[in-house]
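Here is a short tour of one model, written for someone who likes to look at contacts and packing. Have the viewer open and follow along.

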Amino acid sequence: MLEANILTCCSAFDWFRKEFYEDTSLEEINKILEKTPVGANECMCVPYFQGRSTPDWNDRARGVFANISLGISKADMMRSLLESICFEIKNSIENMEQYLDVSEIYVNGGLTNSDIFNEIQCSVYGKKIIRRGKTDATARGALMIATESLGIYADIEDAFAKIMRQNEEKVYYPEKEKILFYEKAREKMNGFYTKIKE
């Protein structure tokens, strides 16, 4: 089994929202993000607000906003934070791909309820993203195991098919022109972290 761990995703976004957008709804934040350019006007974030996890454990790592000029807005900073979270997840995907092919990614809950975040994700990863449901993937998985164990469904595949048939599904596709741009930005973030890590 392969597992990756990112220590701050939603928690980093929640912190930023509390400090800079406290009275702004998620719907308004999504509209703000949609108007913010890809690459956040070159604002860069290193998202290790509680240290760095796999593959390079470093509990002393900290979050950094860099390349900030007087032209950078808090919206740019917010977008750079979300992009950097995706860059770190891409680092983990890249490590997993040493062992298996990752052709598509399934997401659920948290930040994945935001269309703009999912659009950033799929172009950073260069892979199709499928969001099933809103927030209850773990509970549904437990239900599938229970119904199979109780003999209600023949096996897990049958339970999955029956339980998930009413589930909302949305598919996101990467935008080719953004993939290379994001790959260069990820390399910059990784290089910056290498220079400043303890």
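Ser84 sits in helix α3, which covers residues 74-96. This is a predicted model. With a relative accessibility of 1%, Ser84 counts as buried, because buried means under 20%. Once its neighbours within four places in sequence are set aside, Ser84 is in contact with Cys45, Pro47 and Met189.

Helix α3 also matters for the next topic, the largest nonpolar core. This core has 39 residues, and those touching the most other members are Met78, Leu82, Ile105, Val124, Tyr125 and Ile129. At least two residues each come from α1, α2, β1, α3, β3, α4 and α7. The biggest contribution, nine residues, is from α3. As for Val124, its partners beyond four places in sequence are Cys86, Phe87, Lys90 and Tyr182.

Now to the sheet. It is open, built from three strands in the order β3-β4-β5, with mixed pairing. Both β3 and β5 stand at the edges with a single partner strand each, so one side of each has no neighbour in the sheet. From one strand to the next, the twist averages 20°. Strands β3 and β4 run parallel and are joined by four bridges; Val107 stands opposite Arg131 in β4. Helix α4 lies across β3, β4 and β5, at about 145° to β4.

| Element | Residues |
|---|---|
| β3 | 104-107 |
| β4 | 128-132 |
| β5 | 169-172 |
| α4 | 115-125 |

Technical notes
Residues are numbered from 1 along each chain as its sequence is written. This is a predicted model: local features need pLDDT of at least 70, side-chain atom pairs count only at pLDDT 80 or more; totals for chains, interfaces and linings use all residues. Side-chain values use heavy atoms; hydrogens and water are left out. Buried means under 20% relative accessible area, exposed over 50%, partly exposed in between (1.4 Å probe, protein chains only). Contact means heavy atoms within 4.5 Å. Two strands pair if DSSP finds at least two bridges between them. Axes are lines fitted to C-alpha atoms, for helices over the stretch in contact, and angles run from 0 to 180 degrees between N-to-C directions. A nonpolar core is a set of buried Ala, Val, Leu, Ile, Met, Phe, Trp, Tyr and Cys residues joined through side-chain atoms within 4.5 Å.
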